[in-house]
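This briefing is meant for a reader who has not seen the structure before. Please look over the sequence and the coordinates first, then read the points below.

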2 protein chains.
Amino acid sequence: MSQNLSQALDYARNNHQRFLEELKELIRIPSVSTDPQSAAEMEKAAAWVADQLRALGVSEVAICPTARHPVVCGEYRCGLPAAPTLLVYGHYDVQPAEPLELWQSPPFEPTVRGEYLFGRGASDMKGQLLAGLKAIEAILRNNHLRVNLRFLIEGEEEIGSPSLKQFIEEYQHRLRADVALNLDSGIVAPDLPTITVSLRGLAYFELRLYGAAGDLHSGTFGGVVHNPAQVLCELIAGMHDRQGRVTLPGFYDRVRPLSQAEREDLARIPQDEAYFLKTTAAPALFGEEGYTPAERAGARPTLEVNGLYSGYIGEGSKTVLPAYAMAKISCRLVPDQDPNEVHEQLLAYLREHAPRTVRWEVVQWAGSPPAAIDPHRPEVAALQRAMEQVWGVKPAFKREGGSIPVVAQLKEILGMPTILSGFGLPDDNLHAPNERLHLPTWKRGIETLIRFFDNLGVTVGEGAPAE
Amino acid sequence: MSQNLSQALDYARNNHQRFLEELKELIRIPSVSTDPQSAAEMEKAAAWVADQLRALGVSEVAICPTARHPVVCGEYRCGLPAAPTLLVYGHYDVQPAEPLELWQSPPFEPTVRGEYLFGRGASDMKGQLLAGLKAIEAILRNNHLRVNLRFLIEGEEEIGSPSLKQFIEEYQHRLRADVALNLDSGIVAPDLPTITVSLRGLAYFELRLYGAAGDLHSGTFGGVVHNPAQVLCELIAGMHDRQGRVTLPGFYDRVRPLSQAEREDLARIPQDEAYFLKTTAAPALFGEEGYTPAERAGARPTLEVNGLYSGYIGEGSKTVLPAYAMAKISCRLVPDQDPNEVHEQLLAYLREHAPRTVRWEVVQWAGSPPAAIDPHRPEVAALQRAMEQVWGVKPAFKREGGSIPVVAQLKEILGMPTILSGFGLPDDNLHAPNERLHLPTWKRGIETLIRFFDNLGVTVGEGAPAE
């Protein structure tokens, strides 16, 4: 172990209690982004983050206004000519705490009980954000960093980052970097550190079918007019084959096949059939033949019905033959699928299969491409090695089934891949009462990030700083 | 023509203007059964009908209370020992008149314009009720009737006859008859008198599917858990085959095949493909292969989706994997199908086809058997001959696709078939603004009914009255 590294690790150990107190300070600011009354608290949290950056020696710290809540930016130049640049992403906003009566201690009065710190945002993601800042502090208080850093700390993640796309476009000169580090993902188990190497994309549609000019009496017209609700069901039923595969034409053409190594990585994720059955309480699982549950949930594309509506849905009976039927249908996409191509595939399916007894239209509500990072990149290798050093096991490479807008936007606008990781646990009660942070894992997380920055400098840096 | 008959027809012709004035009187009473403020008007309309019956010489006239609006009963005994008994059914309530601004003259101020009398209830069915009462008056003022009559005039037809079943059960000793005459159906065209010889029955279900314990994130769980909305669509899609036939096991086992004569009768109904396309504005028709539209709408059973619900149906997108999906599904039944058997058939279909990835349940909301009258019965023959005498053409035998609760209830509780006819036209604007009655057809209707009673007496009566 280099002297630099051991000094930084000692510093972190010696200052752990203060780090925890600072995290409590941040949690005490109720920065609930969805609350229209929260503007002052949001400003306060942004200022707190900006002060932290300034205290680290980060330059050009700015609290940049957006249409809603400000973004905190900043920059650290290590002075090494060939040093890589890392964009540290985070968010200082939190979910609402309601229902308050279910909290064992007040959500904005952080409380340690046993190995956990309880409070809104403790895990998602004020704890993760501080883990990153404190790892940087531990290095900078003792030595130099051998990477350049840029910071993008937003205040709207919990409301879907509505201002972020425009912000990234406008501020791209202050955000460009080789890779982003986003600690807003988690760890699948306390003994299995995790790097999320891909996110699924999303293509979300509304399919609307129109039959007769108005609702009809099902007695007078049943048997003569095609029922749009029935047609909708037939079209949706045809969108999967008997093997659970999606039948939109060309849907799998651009899906990268899973390599044996990738399948082995996914097999380490402790999310088997029993896990999903227990988590969902579904009577039985379902999915594409030939793939494990973890593969189906993260590495294979899907088509889901998110909503169905037609006719009369109140209590009891109404003998209506509906004039209209609607389905919300979305696809989760994997590399290298494209939401606009999937839109075309859906239209092609409908052109082929929709009967001439109905008129139809498709609205596309949302679309984001899938995102993946090459697990052989030096930055991923640096984090992987750090995790192995701290945990003594090779980290799991996870594929996340959901989408994270900022990851897609950084890729789309700046061509920047994201290393997605973090130290939150699946049972941290995110978005729920009694959110908590597992402090031993948090401590390991800070150590991991110190080693990550150290590994990263060794891997890609070039000796001593020029300054 | 007998002297009795010609006297009655002369009387009707000479009193036509007074008949019309009396109909206007009845229309002026706004007996809107669904209006909670209408109790006094409903009483007034019931009393008006009771007074009419008493003026005819009907005995035991009673205004019988129900949970909501009263039923008017009465009885006329002709005194002939073997005379048949006819139950005259009618309703004195009407639909609401709203939207009022679309009426050219006030709905409860009956107004003659051209050949039409405009007003709420003019056609449905105050005009039809009066046609019956005035035909009886025309006979009784001049001679004897040679049939016994009983009367059942309700005030809740336009709200689904909620009190009627219990009423028929309680008052069955005052209602028993050989056959009922219900003039609440119509005539398909001014030049084609019509007898409705069958009504379809109804079996109405709600199918509920349950998957996971709660709604799930479609990113995290899509591909692993079976989506109940998708399962629902697959189950519904499987309920029809490619020929448009219903696939519930045994569904057609008790369907009486259409004879060549019945198909020829139905071919006279002016409801061809062009008619249905124009009426519904559907892009194209649909239905069971091998049957004409009129056959499919009246003489063949159907299965319809009346409502669909699952997940998120608001504006925009929500990436939910729903825990629940629901469909309202109803079957229109033809003789000799039985709603309870169809319930069993639906359960058998679901037991065979529902996957074990979901739990399901079926609620039966409504069920009424199909109703048909033997067109060779003497009472039907008497009406058929009367129509031929007045119109100069053989009447059409129509099969109505909808259900009429009272027809099913009289059949079920009293075993009584119903002769269903009337003189309302398809363009009378029933339940809509500017409801109207075609006065020349109404006049023919009164003459038809006089001849019907006359034919009926000749056919089934036995000479002169005993009194």
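The model is predicted, with scores of ipTM 0.87 and pTM 0.87. Chain A superposes on chain B by a rotation of 180°, and 69 residues of chain A are in contact with 69 residues of chain B.

**Confidence**
- Chain A has a mean pLDDT of 94, and 98% of its residues reach 70 or more.
- Over residues 459-467 of chain A, pLDDT stays under 50. For this stretch the model has 19 contacts beyond four places in sequence.

**Relation of the two chains**
- The rotation of 180° that brings chain A onto chain B comes with 0.2 Å of shift along its axis, and the superposition has an RMSD of 0.2 Å. This is the relation of a two-fold axis.
- Of the interface residues of chain A, 100% are also interface residues in chain B, so the copies meet through the same surface.

**Interface**
- On each side of the contact between chain A and chain B there are 69 residues. Strand β11 (residues 302-311) of chain A supplies the largest share of the side of chain A that touches chain B, with 9 residues.
- That side of chain A consists of 32 nonpolar, 26 polar and 11 charged residues.
- β11(A) pairs with strand β11 (residues 302-311) of chain B in the antiparallel sense, over 5 bridges. In this pairing A:L308 stands opposite B:S310 of β11(B).

**A sheet in chain A**
- An open sheet of 3 strands in chain A has the order β4-β5-β18, with antiparallel pairing.
- The edges are β4 (111-113) and β18 (436-438) of chain A; each has a single partner strand, so one side of each is left without a neighbour in the sheet.
- On average, neighbouring strands of this sheet are turned by 25° against each other, direction ignored.
- β4(A) and strand β5 (residues 116-118) of chain A run antiparallel and are joined by 3 bridges. A:T111 has A:F118 in β5(A) as its bridge partner.

**Residue B:G74**
- B:G74 lies in strand β2 (residues 71-76) of chain B.
- B:G74 has 24 other C-beta atoms within 10 Å; the cut-off for a buried residue is 20 or more, so B:G74 is buried.
- Apart from neighbours within four places in sequence, B:G74 is in contact with B:L53, B:V58, B:S59, B:E60, B:V61 and B:F151.
- B:G74 and B:I153 are 79 residues apart along the chain, and their C-alpha atoms are separated by 9.2 Å.

Definitions and conventions. Residues numbered from 1 in each chain as written. Chains lettered and ligands numbered in written order. Predicted model: local features only at pLDDT ≥ 70, side-chain atom pairs only at ≥ 80, totals over all residues. Least-squares fit on C-alpha atoms with pLDDT ≥ 70 in both. Contact = placed C-beta atoms within 7 Å. Helix = DSSP H or I, 4+ residues; strand = E, 2+ residues; numbered from the N terminus. Nonpolar A, V, L, I, M, F, W, Y, C, P; charged D, E, K, R; others polar. Pairing = 2+ DSSP bridges. pLDDT = per-residue confidence, 0-100. Buried ≥ 20, exposed ≤ 12 C-beta atoms within 10 Å, placed from the backbone. Axes fitted to C-alpha atoms, helices over the stretch in contact; angles between N-to-C directions.
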